[in-house]
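Visitor: I'd like to learn how to read a model like this one. Could you walk me through a few features?

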Amino acid sequence: MKFDKPSPFEGMSAPSFASVVTVLFSIALESMMFTMLFSVYTETIWLMSDSYLSELPIIGAAFVALDPDANASHIISILLTTFSVATPIFIWSEVFRQKILDDPQEWFSHPQNQIIASFSILILFLMIGVEVVNLYTLVARESMQSGFIVQSDDGGLMSYLAQNKGMAIGVSAVVAVINIVLSLFTTRAIRSLKPTEE
């Protein structure tokens, strides 16, 4: 048996140390974004909050070991957070994989691609809407003590935004845009790890 076949990795260079550090930094930022959005969704979504996961048959014991106070709203929050973080990453990865930015006009000239783009834009707007509505809801809750009385004993950014609802909407939109931009950086960083031909 001869072993004279060239290695499939011959002529390929390993990712640089800077690329690896960039990916780890991007993943850390994405983790913080995931944690922040999960906290927001948990605070603003109380759908099925009385349905405790520990009461589920068969698998309820597993949730007792993890968190006996976990309820169905936590599952909904996890799903929404995953949707918010994963959607822009997936869209950016497809944009780079299909090399849409190289020749957008040629890519959009195909009717099938136009349908895909329209659906992707719709999903992206839904994601932004979920983020903005929940972030704004969290701010609006700070302004409600009873009825429409604005709390004045709390300081900080949340108290300020509670008294300036227009700015609260702007901040919510900025957070959604930051999520999209962070997804772009993460996707580019991960793609930089792919071995390149020397």
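Visitor: What does the accessible surface of the protein chain come to, and what percentage of it belongs to carbon and sulfur atoms?
Guide: Keep in mind that this is a predicted model. The surface comes to about 13300 Å², and carbon and sulfur atoms account for 69% of that. As for the interior, 27% of the 198 residues count as buried.

Visitor: Which elements does the chain have, in order?
Guide: There are 7 helices and 2 strands. From the N terminus on, they run β-α-α-α-α-α-α-α-β.

Visitor: Now the inside: which residues make up the largest nonpolar core?
Guide: The general idea is that nonpolar side chains tend to be buried together in soluble globular proteins. Here the largest core has 6 residues: M33, L37, Y41, I45, V85 and L182. Helix α1 (residues 17-44) gives the most, with 3 residues. A second, separate core has 5 residues, among them I91, V95, W107 and A117.

Visitor: And what is L37 in contact with, leaving aside its neighbours within four places in sequence?
Guide: L37 touches T81, S84, V85, E131 and N179.

Visitor: How many aromatic pairs are there?
Guide: You describe a pair of rings by the distance of the centres and the angle of the planes. The count here is 2. W92 and F96 are stacked, at 6.2 Å centre to centre with 25 degrees between the planes. These two sit 4 residues apart in helix α3 (residues 72-97), so about one helical turn separates them. W107 and F108 are edge-to-face, at 5.0 Å and 90 degrees.

Visitor: Is W107 buried or exposed?
Guide: W107 is buried, at 10% relative accessible area, whereas F108 is partly exposed at 38%.

Note on methods. Residues are numbered from 1 along each chain as its sequence is written. This is a predicted model: local features need pLDDT of at least 70, side-chain atom pairs count only at pLDDT 80 or more; totals for chains, interfaces and linings use all residues. Side-chain values use heavy atoms; hydrogens and water are left out. A nonpolar core is a set of buried Ala, Val, Leu, Ile, Met, Phe, Trp, Tyr and Cys residues joined through side-chain atoms within 4.5 Å. Buried means under 20% relative accessible area, exposed over 50%, partly exposed in between (1.4 Å probe, protein chains only). Contact means heavy atoms within 4.5 Å. Accessible areas come from the Shrake-Rupley method with a 1.4 Å probe; for residues, only the protein chains shown count as cover. Rings of Phe, Tyr and Trp (its six-membered ring) pair if their centres lie within 6.5 Å; planes under 30 degrees apart count as stacked, over 60 as edge-to-face and the rest as tilted.
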